[in-house]
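Please have the viewer open as you read.

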Amino acid sequence: CKPEQMLYKIIKTADDAQKDLVFEIGSNSDLVLENTITGNLEWTIENFGKNKKGLITFPTKFDMVGPLLSLNHNGRVIMRMSVNPQEIITKIEFGTSPLKRRIAALNSMCEAGYKVGILIAPVILVENWRELYSKLIDRLAEELTEKAKRRLFIEIIFMTYSYVHRAINREAFPKAAELYDKELMTGRGRGKYCYRDDVRAMGEEFLRNQLEVKLPGVPIIYVV
């Protein structure tokens, strides 16, 4: 299915709905990175921005948002910047933008009138995770503009581990950190693991408390 065909299907669904629907368009790839080659994201934003109903949204780990800032998005586009502590970005999220540039890109998108959110994901409970995520939230509080703080929302997603992904990553990144922790994880389907309920609840409580103190008033729309 060509991009224009997919977009027209989304627009028709949006127009037929009785209320504004939000369409996730970035679940299979990072559209900001892809846009540096294809220009597809610019085309999509410009064309969907002409519509009078619905919103589109996409997450990203990249800061190359310059081409998007002057587009006529009509307030119908939500960019969600995925963040993690810089130590985790360096050791695990290879090739992605550093935290400082991600935050700056979110500020720029907000200033350009886009709806913005922060995706703390994947939350990885490494040995010193409390210190790392506390420092992450400190940086968000310090480096986000006041305008961004007033407008953004937060999503939190804990890591799900897959042996298939591990095999792929081991081949591509032989020096990657080991993410499976048998002491903290439990089975979640064949070859997949997630943090135990009690462990995840402990992590959620910590993050919620940190965010409530350091980014008061910013809504957390879900934690999974």
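Strands here are DSSP runs of E with at least two residues, numbered from the N terminus. With that in hand, please go to strand 4, which covers residues 115–123 and includes proline 122. Keep in mind that this is a predicted model. The peptide bond that joins alanine 121 to proline 122 is cis, with omega at about -15°.

Now let's turn to a pair of helices. Helix 2 spans residues 31–38 and helix 3 spans residues 40–48; the two pack with their axes 6 Å apart, at an angle of about 105°. Angles of 65 to 115 degrees count as roughly perpendicular, and that is therefore how helix 2 sits relative to helix 3. On the helix 2 side, the contact is made by Leu31, Val32, Glu34, Asn35 and Thr38, which meet Asn40, Leu41 and Glu42 of helix 3.

Which of its residues are buried? They are Leu41, Thr44, Ile45, Asn47 and Phe48. The cover over these buried residues includes helix 1 (3–16) and helix 2, together with strand 2 (55–60) and strand 3 (77–83).

One of those buried residues, Ile45, leads us to the next stop, as Ile45 is in contact with histidine 73. Histidine 73 belongs to the loop between strand 2 and strand 3. Is histidine 73 buried or exposed? Its relative accessibility is 7%, so histidine 73 counts as buried. Leaving aside neighbours within four places in sequence, the contacts of histidine 73 are Ile45, Gly49, Ala112, Gly113 and Tyr114.

Asparagine 74 has a relative accessible area of 51%, so it counts as exposed, whereas histidine 73 is buried. The backbone deserves a glance here too: phi of asparagine 74 is near 60°, a positive value in a residue other than glycine.

Finally, let's look at cysteines. A disulfide is a covalent bond between the sulfur atoms of two cysteines. How many disulfides does a search of the whole structure find? The search finds 0. Cysteine 110 has 0% relative accessibility and therefore counts as buried. Cysteine 194 is buried too, with a relative accessible area of 17%.

Methods
Residues numbered from 1 in each chain as written. Predicted model: local features only at pLDDT ≥ 70, side-chain atom pairs only at ≥ 80, totals over all residues. Heavy atoms only, no water. Axes fitted to C-alpha atoms, helices over the stretch in contact; angles between N-to-C directions. Helix = DSSP H or I, 4+ residues; strand = E, 2+ residues; numbered from the N terminus. Parallel < 35°, antiparallel > 145°, perpendicular 65-115°, else oblique. Contact = heavy atoms within 4.5 Å. Buried < 20%, exposed > 50% of the residue type's maximum accessible area, 1.4 Å probe, protein only. Disulfide = S-S within 2.5 Å.
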